[in-house]
Amino acid sequence: MFFKNKRKPPESALPGHIAIILDGNGRWAKKRGLSRSAGHRKGAETFKKIALYANRIGVKCLSAYAFSTENWKRPEDEVSGLMKLLEEYLDNIGEFEKENVRVIFIGEKKRLSKKLCDKMTEIEEKSAERTGMILAIAINYGGRQEIVSAVRNTAKLSKEGFVSDEQIDEAFFESMLDTGKLPDVDLLIRPGGEKRISNFLLWKISYAEIYFCDTLWPDYTEKDLDEAVLWYSKRNRRFGGV
Ligand code: IPE
Ligand code: IPE
Ligand code: MG
């Protein structure tokens with residue numbers, strides 16, 4: 001591992017913002033004859049390990065897709081299990097505090113329980129002054145929903161006369177997004193074998209390098225992250241230039 005054997009890549013080769021679609025918990029559990037919720041539990045443990053590792057190797061921002069606006073379609077018991085797991089999870093993230101990780105949440109709080117929302121707010125407030133990696137956890141997040149909500153905010157400001165049509169440019173619009181203050185995604189990782197975006201961070205991934213791997217999320221290791229980062233460091237990013 002980079003961290004263990006000091007093969008740490010130079011900072012310039014390290015993605016500033018890594019986004020991860022945490023996928024494959026259900027299949028991981030099925031392979032072992034376990035319940036899907038056991039898969040989610042294991043996936044949550046894996047997430048803590050990988051997030052702390054990313055912070056240690058110097059990643060500035062990590063965003064993680066934990067629950068999408070489409071995941072409400074799942075059976076009710078799976079959804080309620082996931083919500084309970086999220087609550088429990090947020091009660092046990094002391095390591096992030098110890099390692100100076102700043103935790104924020106993206107997504108709509110509206111449909112979430114008051115208990116969960118209160119915990120999210122408390123964590124955001126408690127970690128606001130931290131100077132380590134920004135960890136953005138996406139709960140009830142959808143890229144399209146985020147854009148529509150930014151359009152609504154923009155329309156409201158326009159109607160109230162706070163912004164003129166000419167002032168609405170990319171930078172302004174971006175500032176209306178939930179993820180407005182985060183840097184663009186440099187590296188998007190999707191474990192679990194599927195090759196799709198599933199409505200994650202649509203605006204911020206415009207020029208992301210996209211890395212797919214077959215490892216099911218609960219099995220994901222620091223070595224898998226190293227491999228993705230090494231792959232990233234070899235990309236020639238042109239951003240439309242030559
Ligand atoms: C990701 O694992 C967790 C969430 C989407 C909440 P999945 O539950 O999607 O696992 P698979 O894709 O069914 O294996
Ligand atoms: C994407 O995984 C959402 C999260 C990881 C939270 P899904 O398992 O929901 O995505 P699809 O349904 O395979 O596209
Ligand atoms: Mg899935």
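Predicted model: local features only at pLDDT ≥ 70, side-chain atom pairs only at ≥ 80, totals over all residues.
Q: Why is the pair of arginine 41 and glutamate 88 called a salt bridge?
A: The closest N and O atoms of arginine 41 and glutamate 88 are 3.1 Å apart. The cut-off is within 4 Å, so the pair counts as a salt bridge.

Q: What makes this pair a tie between separate parts of the sequence?
A: Arginine 41 lies in helix H3 (residues 36-57), whereas glutamate 88 lies in helix H4 (residues 76-91). The pair therefore ties together parts that are 47 residues apart in sequence.

Q: Why is arginine 41 called partly exposed?
A: Its relative accessibility is 42%. Partly exposed lies between under 20% for buried and over 50% for exposed, so arginine 41 is partly exposed. Glutamate 88, with a relative accessible area of 33%, is partly exposed by that rule.

Q: How do you know that lysine 156 and glutamate 160 form a salt bridge?
A: The N to O distance between their side chains is 3.6 Å. This is within 4 Å, so the pair counts. Glutamate 160 is partly exposed, with a relative accessible area of 45%.

Q: What makes glutamate 209 and arginine 237 a salt bridge, and which parts does the pair tie together?
A: The closest N and O atoms of glutamate 209 and arginine 237 are 3.4 Å apart, and the cut-off is within 4 Å. Glutamate 209 lies in strand S6 (residues 209-212) and arginine 237 in the segment after helix H9 (222-233), so the pair ties together parts that are 28 residues apart in sequence.

Q: Is glutamate 209 buried or exposed, and why?
A: Glutamate 209 has 17% relative accessibility, which is under 20%, so it counts as buried. Its partner arginine 237, at 22% relative accessibility, counts as partly exposed.

Q: How many salt bridges does this rule give, and which residues are linked in a network?
A: The count comes to 21 salt bridges. Asp23, Arg27, Arg190, Glu194 and Arg196 are linked in a network of them.

Q: Which residues have the most contacts inside the largest nonpolar core, and which element gives the most to it?
A: The largest nonpolar core has 48 residues, and Leu135 and Leu225 have the most contacts inside it. H3 gives the most to this core, with eight residues.

Q: What does leucine 225 contact beyond its neighbours within four places in sequence?
A: Leucine 225 is in contact with Ile18, Ile20, Ile50, Tyr53, Ala54, Ile57, Ile189 and Tyr220.

Definitions and conventions: Residues numbered from 1 in each chain as written. Chains lettered and ligands numbered in written order. Heavy atoms only, no water. Helix = DSSP H or I, 4+ residues; strand = E, 2+ residues; numbered from the N terminus. Buried < 20%, exposed > 50% of the residue type's maximum accessible area, 1.4 Å probe, protein only. Core = buried A, V, L, I, M, F, W, Y, C linked by side-chain atoms within 4.5 Å. Contact = heavy atoms within 4.5 Å.
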